[in-house]
Amino acid sequence: MIFFSKMPVVMYLARFLMGASTGVIAVVTMIYVTEIADKEIRGALGMIIQVMNNFGCLIIYSVGPFVSYTFLNSILITIPIIYVLACLWIPESPYYHLKDGRIAAARKEFRVLKGSKNEKWIDEQFNVIRIHVQENMESKSSVKELLTNTKYRKAIYIVLGLKILQYMTGILVIQSYLEAIFTESSSISGPLASIVYGFVQIVACIGATFLTRWIGRRILMFVSCLGVSLSMTLVGLYFYLKDVVKVQPETLASLFPVPLIGIIGFNILYANGLGNLPYVMQVELFPVNVKAVASSLATMLACVFSFVVTKFYQVVKDSFGHCSVFWSFAFVGYAGLFFVYFCVPETKDKTLEEVQDNMEKRSPEERALRERNIDECDHREEAK
């Protein structure tokens, strides 16, 4: 629609469809990846989703300013076509089949995903998942269940806090006004700044996929919060000297690397924690019966935060100055240090079932008793 039409109404409709479909992909892809991944690589695979997202941004940053509107869209139209073809052979998540009671189909998909011929090991691992899903599906799958049942309250608070940190520390403002910020603070051209920013972003994301294999989620997010806050403080300090103190032009010229260092530092440290891990954790922290609902609401909340921050950036900048904007982002990050330290649990090297047990503070003895009761019910059903 965007490729063949220049009518504003048609382009509005196309943009709406694009936003809706991207929202679906953002929710479903992360759920699917966390459900099929082994615990050792779940965080890294979740990061790869953001790597590809940033790769798409880099394509636009580096190609968009130098080619025609038609040529750019002809490049982009090939990506969803390839995606559709790739989806034809992707196996279904075992959790999806188990939610609807299709145990045989779930076991078949589980065997394919694990790639093991050890039937004993397959049965042991599959039964753990089956019992966990069966237990969770005893509760309803609805927004009302999510918001009214107190056992999900802790996960809701944690995800809400992570979303505030993810979107209220300035990422959308940096991306949306990158060229304008660099134009005001340095001699670097807008398109070049965007290309450098996009390249650093994707390199940082790739590095983050390896870091998640060795470093816990909490440590990464704590360091990310600290780094983002310091970077925004640095950028705010530059604009304070420029707009409020009004230092001499010669002095200001010598400080032109400061905003560049701040924004690039923000880019790297944001990508290594706050930019990626909240997506992974919003799926890890909720049980299977409300996981889709919770992830959908978290994505909608992210859109609201994105709109608010982007919309009011210019208003706050015009009213209170550039430095106030960046120092506000820094303040959110500094507050996030306490939130991450005291509230966010560690999920590295834990299965989804172990994460849920920790969230509900369930002891191993309680878990074993619950599993025996479910097994006994299953045997009685089979006998009947």
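A residue counts as buried at under 20% relative accessible area, as exposed at over 50%, and as partly exposed in between, using a 1.4 Å probe and protein chains only. The model on screen is predicted, so local features need pLDDT of at least 70 and side-chain atom pairs count only at pLDDT 80 or more, while totals for chains, interfaces and linings use all residues. Residues are numbered from 1 along each chain as its sequence is written, and side-chain values use heavy atoms, with hydrogens and water left out.

**Aromatic pairs**

Rings of Phe, Tyr and Trp (its six-membered ring) pair if their centres lie within 6.5 Å; planes under 30 degrees apart are stacked, over 60 edge-to-face, and the rest tilted. The count by this rule is 8 aromatic pairs.

Select phenylalanine 110 and phenylalanine 126. Their ring centres are 5.9 Å apart and their planes meet at 55°, so this pair is tilted. Phenylalanine 110 belongs to helix 6 (residues 103-114) and phenylalanine 126 to helix 7 (residues 119-136), so the pair ties together parts 16 residues apart in sequence. Helices here are DSSP runs (H or I, at least four residues), numbered from the N terminus. Both phenylalanine 110 and phenylalanine 126 are buried.

Next, select tyrosine 240 and tryptophan 327, another tilted pair, with 5.5 Å from centre to centre and 35° between the planes. Tyrosine 240 sits in helix 13 (residues 217-245) and tryptophan 327 in helix 18 (residues 322-343), 87 residues apart, and the pair links these distant parts of the chain. Tyrosine 240 is partly exposed, at a relative accessible area of 32%. Tryptophan 327 is also partly exposed, at 32% relative accessibility.

Then show Tyr238, Phe239, Phe326 and Phe329, which ring pairs link into a cluster.

**Charges over rings**

A charge sits over a ring if NZ of Lys or CZ of Arg is within 6 Å of the ring centre and within 35 degrees of the ring normal. Select arginine 218, which lies over the face of tyrosine 341 at 5.8 Å from the ring centre. Then go to lysine 291, placed over the face of tyrosine 95 at 5.6 Å from the ring centre.

**A pocket**

On a 1 Å grid over the protein atoms alone, a pocket is an open set of points with protein on both sides within 12 Å along at least five of seven lines, a cavity is a set where a 1.4 Å probe fits but cannot get out, and lining residues have an atom within 4 Å of a point. The second largest pocket holds about 430 Å³ of space. To find it, select Lys39, Gln125, Ile129, Thr351 and Glu353, the closest to its centre of the 21 lining residues. Domain 1 (94-138) and domain 2 (145-359) both give residues to this lining, so the pocket lies between them. The domain bounds come from an automatic or database domain assignment.

**Two cavities**

How many cavities of 30 Å³ or more does a search of the whole structure find? The search finds 2.

For the largest cavity, of about 40 Å³, select Lys151, Tyr152, Ala155, Leu285, Phe286, Pro287, Gln356, Met359 and Glu360, which line it.

The second largest cavity has a volume of about 40 Å³. Its lining is Glu35, Ile36, Pro94, Phe110, Leu113, Lys114 and Ile129. Helix 6 gives the largest share of that lining, 3 residues.

Note on methods:
Helices (H or I, at least four residues) and strands (E, at least two) are DSSP runs, numbered from the N terminus. Grid points are joined across faces, edges and corners, and a volume is the space filled by probe spheres set on the points.
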